[in-house]
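These are my notebook entries on a structure I went through element by element.

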Amino acid sequence: MSDLVLRNICYRYPKTRQMVLHEINATFREGTVTSIRGQSGAGKSTLLYLIAGIDHPVSGQLLWDNTPVTDLSAYRRNVVSIISQSYLLFPTRTVLENVCYPLHLKKHPHNEAAEEAKQLLQSVGIDKKLYDRLPEKLSGGEQQRVAIARCLATNSKIIAADEPTGNLDEENTQIIVKLLQRLAHKNKKTVIVVTHDPAVAQMADKQLQLAAGNLIDE
Amino acid sequence: MFMKRICRKPLLPLLLLLVILLGVLFPTVLNQSIEKSYTELDELYAGIVIQCKLIPQTYIGADFALAPEIGDQISRMDEVSGYYCELNCPYYFRDPGPSSGNSMAHGTNDIYRFAEEHALELCFPVGESIDFSGDENICVVSEDLLDAASRSIGDTVTVAGSVSTAEKDTNAPDLNLTIVGSFTAEDTDIPWNAIIVPKACFFDTAELLSTAEGIRRWRVYTAFDFTIDQACNKEFDTVKEALQGIVGDKWLLYSTSRELYRAVQPLEKKLQMQEMLFRIVTVLFVFLPALITFLLCTKDKNEVLIRILYGEKPSRVFWSSWAPYTGLVILYGMLALLLSQAMGYLNGWNITGIVAVSILAAGIAIGLLCKTKLVTLYQSREG
Ligand SMILES: Nc1ncnc2c1ncn2[C@@H]1O[C@H](COP(=O)(O)OP(=O)(O)O)[C@@H](O)[C@H]1O
Ligand SMILES: [Mg+2]
C-alpha cells in the first residue's frame, strides 16, 4: 500500500516571517478520499501546494512509499497531479490535446495517445463533439472533467484537488464529487480534496480540519 | 503544435507581423522621401548663381582699388567660376608718333562686358569674336583714334607705359598690339584716345605696362567681381570665410547668398524633420515589435506553468518555448526582407535589429516565466 505521509511539516512563504503551517502530521491512504476543510486563510491551499510538490516545506518531510520526496520535478511527473479551482487547462490546446499532453510527455505513440485520451474523456462524460474545442468554449463543469481526465492520463497515484468545485453549481459539483470518489475507490488513487463546502467534505472517507495552521481530525 | 496554437489566438501574432512589416515599410517610404528631398535640394543649390562683390571698408566713396595679388588669388580659387575685372594705367604711342599724347590703357578680361559697363558700341570684322581672356597682344580702339592714327583693323600700333597721364617714361619697353576691333560711343567715360587691352597685358605680357617703378601704383583692379561655382554653393559658408581671409578686413565681401538661403532653408528644415522622423520611426519600430513579442510570450504563462507542474524541467520548457518564437520572428523578418526588396530599399540592419531585439524580448519573457518560483507562478496563474 502506497501512502503519503506528512511529517512535522512547517511552511512559510518566501520573504515572510509568519509560519502558515505548523508541524503538520497526516497520512493519506491509497484508495481513499480525504477532505481538508478550514476557513479562508487557514492554509488549505498552502498545504495542498506541498502535497502537490509545488514547493519544499521549510521543515519536516513528505514521505511517499516510505521514502522522503526530494526531487519535486520527478515527484510531480510520476506521483502527483493537481486539480485547481480554475481548471488550469492549456488555453490554446483543444480538449483532446490537453488530455494527450501527459501521454505525449510519457512518449506514447500519437495514435495510441489519442485513443487513450478519447477513452478517458468518455469516462468522465465528455461528449465527442467537444474534443476539438478550446477549453474556453466549455462550461466550468466540463472543463473540470477534462482536467480530471488529464490527471488520469498521467497515471499519477495522488490527486490533489484545491476547491475543485469552487466555481461550479450543485449539479456539476455532484458530478465532480462522484468522479473523485470513483478515482479513489475504483482506480485506487489517493485523493485529497481541499474545500470549504461541507457538502463536498462530507463525501470524503476521511475528513480533516485545518485551523490556524494545525490539522485536526474531525 | 506551436503553429496550431498561434493560429488559434492569432491576434497578437498578426499584430506582430503587421508591426514588423510597418517597421520596414515606414523607414523605406521615409527614406525615399528623404532621398527625393536631397535631390531637390541639390537641384536648388545648383540652380542658383551667387554673385560676389568686394566693397572697400575704410574709405567709402573712394575709388575701387584692389591689389592685384588679392584679385589674382581669388580668380585662381577652385570655388570661383567666373570673375570680371578692369584696370587701367597711362600709356603713350611710340608708333604712330608721340603726337597723340598720353591717355589711359584699360585692361579687362571680358571686352563684351566692358563695352556694356561703359556704353561702348563694339565693331569688329563680321564672323569674328574678340577674346580678352588670353594673353594675346591685341587691342580695341575708337573709330576716332583709328582715323587720327590712320590705322585700320588688323594693323599694329606700338605703345609704352607712362609714369603719369602727363609724363612719359622713355625707358618703358615697347608693346606691339594688333588692332582687332573698334568702338564708337555717344555717352561714355572712355576718352576717344584710350586703348582697351586684355588684362594679361598689364601683368604677363613682357611686364610692359607695369615695368617702370612709377607705374606699379597703377597696377590695381578698378573693378572686380565674381561668381561662385554652383557646385560649391553648398559650402558657401566656408568659401566665404576663405575669401574674407584673402581680402582681409579692409574689404567686405558682398554676396547674393541670402537669396540662396531663402530658397533652400524651407527644404532644409523639412529634410531635418524627415531625418528626425526617420530615426524615431526606426527606433520605435524596433521596440514596438519587441514589446508585442514580449506580451505574446507572457500569454504563455499557463502553458509554461502546466508544463512545469507536470514535471517538465524549467530549462527544457524554456528552450522548447523560446525556439518556436525565435522561428516565428525570423519568418516574419524574412517576409519583411521580401517586402523591402520589393520596395527597392533593402535595409538589412534595420530588419536584423527588429528580429534580434524581438527574439531577445521573447527570451526575456519566457525566461522570466521559467525562472519564477513555482508557487509564485502557480498563484499568479490566469483563469
Ligand atoms: N505568496 C504568499 N506570500 C505570503 N503569504 C501568503 C502567500 N500566499 C498565501 N499567503 C498567506 O498564507 C495564508 C494561507 O493562505 P492559503 O493557503 O491560500 O489559505 P486558504 O487556501 O486556506 O484560504 C494566508 O494568511 C495568506 O495570506
Ligand atoms: Mg485556498
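I looked up what covers the buried residues of α3(A), and found that the cover includes α4 (110-123) and α5 (140-154) of chain A. I note here that the model is a predicted one. Helix α3 of chain A spans residues 95-105, and nine of its eleven residues are buried, so I recorded this helix as largely enclosed by the rest of the structure. I listed the buried residues of α3(A) as V95(A), L96(A), E97(A), N98(A), V99(A), C100(A), Y101(A), P102(A) and L103(A). I also checked what follows the helix: just after α3(A), K107(A) takes a positive phi of about 65 degrees.

I asked which residues touch the most other members of the largest nonpolar core. That core has 102 residues, and the ones in question are V99(A), A117(A), A149(A), A160(A), L180(A), I192(A) and V193(A). I noted a second, separate core of 48 residues, which includes F114(B), F183(B), V197(B) and F202(B). As background, I recall that nonpolar side chains tend to be buried together in soluble globular proteins.

I returned to A160(A) and looked up its contacts, leaving aside its neighbours within four places in sequence. A160(A) is in contact with L48(A), I51(A), A52(A), V80(A), I82(A) and I192(A).

I found that chain B contributes 16 residues to the contact and chain A contributes 20 residues. On the side of chain B that touches chain A, α1 (2-8), α9 (301-309) and α12 (374-379) of chain B each supply at least two residues. The largest share of that side comes from α9(B), with four residues. By class, I recorded six nonpolar, three polar and seven charged residues on the side of chain B that touches chain A.

I looked up how helix α10 of chain B (residues 314-342) packs with α11(B), and found an angle of about 160 degrees with the axes 9 Å apart. The crossing in which α10(B) passes α11(B) is right-handed. I recorded the contact of α10(B) with α11(B) as having 16 nonpolar, seven polar and no charged residues.

Methods: Residues are numbered from 1 along each chain as its sequence is written. Chains are lettered from A and ligands numbered from 1 in the order in which they are written. This is a predicted model: local features need pLDDT of at least 70, side-chain atom pairs count only at pLDDT 80 or more; totals for chains, interfaces and linings use all residues. A nonpolar core is a set of buried Ala, Val, Leu, Ile, Met, Phe, Trp, Tyr and Cys residues joined through C-beta atoms within 7 Å. A residue is buried if 20 or more other C-beta atoms lie within 10 Å of its own, exposed if 12 or fewer, and partly exposed in between; C-beta atoms are placed from the backbone. Two residues are in contact if their C-beta atoms, placed from the backbone, lie within 7 Å. Ala, Val, Leu, Ile, Met, Phe, Trp, Tyr, Cys and Pro count as nonpolar, Asp, Glu, Lys and Arg as charged, and the others, Gly among them, as polar. Axes are lines fitted to C-alpha atoms, for helices over the stretch in contact, and angles run from 0 to 180 degrees between N-to-C directions. A crossing is left-handed if the near helix is turned anticlockwise from the far one by less than a right angle, and right-handed if clockwise.
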